[in-house]
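Please consult the sequence and the model while reading.

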Amino acid sequence: MRKTIYARSTLAILAMLCGPGVLTAQDAYQGGAVDARQHGFEHGYREGFAFGQNSQVSNRDQDIVNQKLRQADRDYQPAFGAQEEYRQGFTEGFRAGMEDGRAGNRSRLEQLFKPRDPNYNPDRNRDDRIQGIPPRNQWPASHAADDIGYRDGFDAGARDRQAGLSFQPRQHDAWQRASHGYDRAYNSKSHYKSAYRAGYELGYRDGFGRAR
């Protein structure tokens, strides 16, 4: 609870420092949500959407759903906040993502993961002033890298699809650098890069969508 309050306070202070007429810290921050329930929802939604795209309403698939929901807090860390809130968020997110995936509805996926700043481009981003929230709250490096990488990849995939380009996640500067959000507190940069690239490729796939 204390860490959750700290994270919210950090965002509030940074938002005030940004001043009027510019993006708030929450707008500029490219990692996962710092609220335990919303954080769980986002991770659950990602899994549910991917599952829904490749599943049917059947007894076998329902068994898989039940198994995934029983493991709703498998990636939970105390640094995220209350465990039950994370679990509830994951469960709600998984069900919502599964329904949207089956229906081919991408609006909520884009609402959750596209940057709030339309001018944000992960290939050109060099400003990590407020990306230190996860290490300050003792989030595992791999988890933070996955969150930031997924969002960067989602944005790149959506941009490439809109531009009529081919599926090319590894051609982007952001994937090649794989250092967005890295903090020295994480120690191993190579492990961070591996997790970032894995998240980036998953996000790119979801941003790009199914092949036309």
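A crossing is called left-handed if the near helix is turned anticlockwise from the far one by less than a right angle, and right-handed if clockwise. The model is predicted: local features need pLDDT of at least 70, side-chain atom pairs count only at pLDDT 80 or more, and totals for chains, interfaces and linings use all residues. Residues are numbered from 1 along each chain as its sequence is written, and side-chain values use heavy atoms, with hydrogens and water left out.

**Overall composition**
- The protein has 10 helices and zero strands, where helices (H or I, at least four residues) and strands (E, at least two) are DSSP runs numbered from the N terminus.
- Of its 212 residues, 48% are buried, that is, under 20% relative accessible area with a 1.4 Å probe and protein chains only.

**Helix α8**
- Helix α8 has 22 residues and spans 32 Å from its first C-alpha to its last, close to the expected 32 Å; the expected span is 1.5 Å times one less than the number of residues.
- Because 18 of its 22 residues are buried, α8 is largely enclosed by the rest of the structure.

**Packing against α8**
- Helix α3 (residues 36-53) packs on α8 (residues 141-162) at about 65°, with axes 13 Å apart; axes are lines fitted to C-alpha atoms, for helices over the stretch in contact, and angles run from 0 to 180 degrees between N-to-C directions.
- The crossing of α3 and α8 is left-handed.
- From α3, His-39, Glu-42, His-43 and Arg-46 meet His-143, Asp-146, Asp-147, Tyr-150 and Arg-151 of α8, contact meaning heavy atoms within 4.5 Å.
- The residues of this contact of α3 with α8 comprise one nonpolar, three polar and five charged.
- Helix α10 (residues 189-208) packs with α8 at about 35°, with axes 5 Å apart, and the crossing of α8 and α10 is right-handed.

**Nonpolar cores**
- The largest nonpolar core has 15 residues, and those with the most contacts inside it include Ala-145, Tyr-186 and Tyr-196; such a core is a set of buried Ala, Val, Leu, Ile, Met, Phe, Trp, Tyr and Cys residues joined through side-chain atoms within 4.5 Å.
- Helices α8, α9 (173-177) and α10 each supply at least two residues of this core, and α10 gives the most, with six.
- A second, separate core of nine residues includes Tyr-45, Leu-112, Phe-113 and Phe-154.

Key
Ala, Val, Leu, Ile, Met, Phe, Trp, Tyr, Cys and Pro count as nonpolar, Asp, Glu, Lys and Arg as charged, and the others, Gly among them, as polar. Buried means under 20% relative accessible area, exposed over 50%, partly exposed in between (1.4 Å probe, protein chains only).
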